[in-house]
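Subject: Model handover, pockets and cores

Hi,

Here is the structure for you to look over.

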Amino acid sequence: MSEAAAIDTAGICDRLDDVARRAGNAAERSGRRPGDVRVMLATKTQPAEAIIAAVQHGFALIGENRVQELVAKAADLEPYSHEAHLIGPLQSNKVNHALRHVSCIQSIDRLDIAEKIQRRLDVIDQTVDYYIQVNTSGEESKFGIDPAQAIEFARSLAPLDRLRLRGLMTIGLNSPDPDAVRPSYQGLVDVRSALVDAGFGDGGGSAATDNGAAGGLELSMGMSADFELAIEEGATLVRVGSSVFGARPQP
Ligand SMILES: *Cc1c(COP(=O)(O)O)cnc(C)c1O
């Protein structure tokens, strides 16, 4: 039996509708329009058939963690119009592959990788959007730059003219307590304010989504367990996986 037969398409669609409804309500609670917040599917470990079911249901914004998975699913997804971002760490030997499959890299936290991306984009004469990943929870295990270094880091990337700063990404504190998680998201809002005050954002050619985000800089924050809270704090893009596709197998 093919893998496709095992996909619970109806369940995926129901859960997508539920996530969209909850995200829209949270946007309204934060004084915004439902359309101001985009729902990204975090598709790690999911087979292409499950992703295609979601894309065909109108959720065409996809985030993958690993370049290998992007490559493996690319041919299956290719016929279905979608937008793919990388949301996991990028190793320098995967830069070329990543640039073939994504329009945005949300996980930029190293200058040397950004420089490598710029060199490759020079060769293929293209540009790429990026978000700076910020470690707002202070957890050692997390990738991302220190919030206090955001302006300096953004300045160091500014000369890389093929990379377009479009936003900031963070992974919130891993805690069931909303009051403990919230500062992770407030911290990303503060970093964006500091960057906008320092003159970042609203640059680099084509406009970002018109969702009222300060400086045109998106805030990618919030996952299945806490996306409503993240939206209340100002997220413009939430990344949900298990709430749509079900629990992932434990590694
Ligand atoms: C897996 C993942 C998500 C989604 O996590 P869920 O809890 O399944 O919604 C979001 N962002 C990143 C970076 C991830 O790796």
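The second largest pocket is lined by 21 residues, and His 82, Ala 84, Arg 100, His 101 and Val 102 lie nearest its centre. Elements that give two or more residues to this lining are β2 (61–64), α3 (67–77), β3 (83–86) and α4 (95–101). α3 has the largest share, five residues. The volume is about 280 Å³.

This is a predicted model: local features need pLDDT of at least 70, side-chain atom pairs count only at pLDDT 80 or more, and totals for chains, interfaces and linings use all residues. Residues are numbered from 1 along each chain as its sequence is written, and side-chain values use heavy atoms, with hydrogens and water left out.

Terms for the pockets: on a 1 Å grid over the protein atoms alone, a pocket is an open set of points where a 1.4 Å probe fits, with protein on both sides within 12 Å along at least five of seven lines; lining residues have an atom within 4 Å of a point. A volume is the space filled by probe spheres set on the points, which are joined across faces, edges and corners. Helices (H or I, at least four residues) and strands (E, at least two) are DSSP runs, numbered from the N terminus.

The largest pocket holds about 690 Å³ of space. Its lining has 29 residues, with Lys 44, Lys 142, Ile 171, Gly 172 and Met 223 closest to the centre. α7 (178–197) and β8 (237–240) are the elements that give two or more residues. The largest share is three residues, from α7.

Lys 44 sits in the loop between β1 (38–42) and α2 (48–56). Its relative accessible area is 24%, so it is partly exposed (buried is under 20%, exposed over 50%, partly exposed in between; 1.4 Å probe, protein chains only). Beyond neighbours within four places in sequence, Lys 44 contacts Gly 63, Glu 64, Asn 65, Glu 69 and Arg 248 (heavy atoms within 4.5 Å).

Now the cores. A nonpolar core is a set of buried Ala, Val, Leu, Ile, Met, Phe, Trp, Tyr and Cys residues joined through side-chain atoms within 4.5 Å. The largest has 61 residues; Ile 12, Leu 90, Ile 105, Ile 117, Ile 132 and Ile 231 touch the most other members. Apart from this core lies another of eight residues, among them Met 40, Leu 61, Ile 87 and Leu 237.

Best wishes
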